[in-house]
Amino acid sequence: MKPVHPGGPGEEILVAWQDGDAAALLDNVQEIALAEHLAGCARCQAYLHSLAALETDLASFSLAGRPAGADFTRQVLAALPPRAAAPVPIAGPAVWWGHQALAAGLVLTGLLILLATSDVMTLLAGWWQHAGDGLSAVVTSDGEGVGNWLNSLPGTALAPEAYLGLVLGAVILALGAGAFMVRTLAAPEGLAA
Amino acid sequence: MPRLGDDPITEADDDRLVRRTLDGDRQAFGVLIERYSGRVIAICARVAGDEYEDAQDVAQDVFLRAYLNLEKYQPGRSFFAWLYRIAVNLALNRRARRPPAAIRGPAAERALQQLQDPDPLGAPEASLERTERTRLLQTALARLPADYATVLALRYGADLDYSAIAATLEVPIGTVKARLHRAKTLLRPLLAPLHEEGATP
């Protein structure tokens, strides 16, 4: 850093001093020492005087307050090309809740179909009980024993129309659950939490 | 009056206006232009050393580029800093394409001549109008390295505060201050002929 005069403070220190930023470069003791030096140094005073004059010139340099021409905005807007394709807007909270309600409806519908057409609760209870019985009886090294156990599962005794209800209900339930998950991930900001 | 949600469009925040623009609402972009055109033109003029009218042409290009690249703006960050960065980059490109002495206009040429060969009688400053002093300052600025000229132009030409300059240039505030201090030490001797005793305009 070039000193203002031999043995004097650096030029940038004086600029920082003039700008009120010296505290970032000097500690308290150094600031006091600089203030004492400046009070008695004609060359540093002259330097500060020239900085003040420079500041005056720079202050008149601003163009920020000058308004743009009256037609500026219109000219810019006229020069803009049409947007190729507007991106899909993020759904608002009302739309999001609507989608969630639809997904929940699908899940409920799927469950109802399962319950109504294939007596799912009985089926599940049968599986649960049979699994316990079967696993305790089956010798895992005996392939025939496992086959017998699988063939005796309650589901194998269902009527064909029950299978249709089972599949249809499962598909609708899965669609609803999937839609619910996707819409939850795409929740508008502030709604997901 | 057109409204965005519950807010009048002219009072909507930048991010909302950007979103509306992306949805095809040009009026929203017009509000952004109205909001920032003054400073964008100032940046173009002071960083590049252009006349105000030429700077308006560059500023139009700034807004056009901003519009075409609006998808790249990240909502939640500072829109004005993003916009000013485009302006600074375009202005620096213009500045780089011409040598410092080539700043146009006879007044600028006279100012440059005074920089290089101040009148020994110390009289020319007295006859300099304020606009001519500004041209002199602009000429001196064009002789500074681009980094230093840019912070001076943003601070004094466009009236940006330290934090806005830091956001625009994507540097820490401490770097902005250091560049400003250094820029002034470089600028001071270039303008010294104007500041000698008795040279007050």
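Trainee: Which residues is B:Tyr73 in contact with, leaving aside its neighbours within four places in sequence?

Mentor: B:Tyr73 is in contact with B:Val18, B:Phe79 and B:Trp82, where contact means that the C-beta atoms, placed from the backbone, lie within 7 Å. The structure is a predicted model, in which local features need pLDDT of at least 70, side-chain atom pairs count only at pLDDT 80 or more, and totals for chains, interfaces and linings use all residues. Residues are numbered from 1 along each chain as its sequence is written, while chains are lettered from A and ligands numbered from 1 in the order in which they are written.

Trainee: Why is B:Tyr73 counted as partly exposed?

Mentor: B:Tyr73 has 18 C-beta neighbours inside 10 Å. A residue is buried with 20 or more other C-beta atoms within 10 Å of its own, exposed with 12 or fewer, and partly exposed in between, the C-beta atoms being placed from the backbone. The count of 18 therefore makes B:Tyr73 partly exposed. The residue lies in the loop between α3 and α4 of chain B, and its C-alpha atom is 9.4 Å from that of B:Asp15, 58 residues apart along the chain.

Trainee: Why does B:Tyr148 count as partly exposed?

Mentor: B:Tyr148 has 19 C-beta neighbours inside 10 Å, so it counts as partly exposed. Its place is in helix α8 of chain B, a helix being a DSSP run of H or I with at least four residues and a strand a run of E with at least two, both numbered from the N terminus. Beyond its neighbours within four places in sequence, B:Tyr148 is in contact with B:Arg179, B:Arg182, B:Ala183 and B:Leu186. B:Tyr148 and B:Ala178 are 30 residues apart in sequence, with their C-alpha atoms 9.5 Å apart in space.

Trainee: What is the phi of B:Asp159, which is not a glycine?

Mentor: B:Asp159 has a positive phi of about 60°. Most residues other than glycine have a negative phi. B:Asp159 is found in the loop between α8 and α9 of chain B and, with 17 C-beta neighbours inside 10 Å, is counted as partly exposed.

Trainee: Why is B:Glu170 called exposed?

Mentor: B:Glu170 has 9 other C-beta atoms within 10 Å, and it is therefore exposed. B:Glu170 lies in the loop between α9 and α10 of chain B, and its phi is positive as well, at about 55°.

Trainee: Which residues touch the most other members of the largest nonpolar core?

Mentor: They are B:Ile43, B:Cys44 and B:Ala87, in a core of 68 residues. A nonpolar core is a set of buried Ala, Val, Leu, Ile, Met, Phe, Trp, Tyr and Cys residues joined through C-beta atoms within 7 Å. Helix α2(B) gives the most to this core, with 14 residues. Not counting residues up to four places away in sequence, B:Cys44 touches residues including B:Ala55, B:Val58, B:Ala59 and B:Val62.

Trainee: How many residues of each chain are in contact across the interface?

Mentor: There are 39 residues of chain B in contact with 33 residues of chain A. Helices α2 (26–48), α3 (52–68), α7 (130–142), α8 (146–157) and α10 (173–195) of chain B each supply at least two residues of the side that touches chain A.

Trainee: What percentage of residues is buried in chain B, and what percentage in chain A?

Mentor: Buried residues make up 42% of the 201 residues in chain B, whereas 15% of the 193 residues of chain A count as buried. Chain B has 10 helices and two strands; chain A has eight helices and zero strands.

Trainee: Where in chain A is confidence lowest, and where is it highest?

Mentor: Confidence is given as pLDDT, the predictor's value for each residue from 0 to 100. It is lowest in helix α7 (residues 143–151) of chain A, at a mean of 62, and highest in helix α4 (residues 72–79) of chain A, at 93. Chain A averages a pLDDT of 78, and 74% of the residues score at least 70.

Conventions. Two residues are in contact if their C-beta atoms, placed from the backbone, lie within 7 Å.
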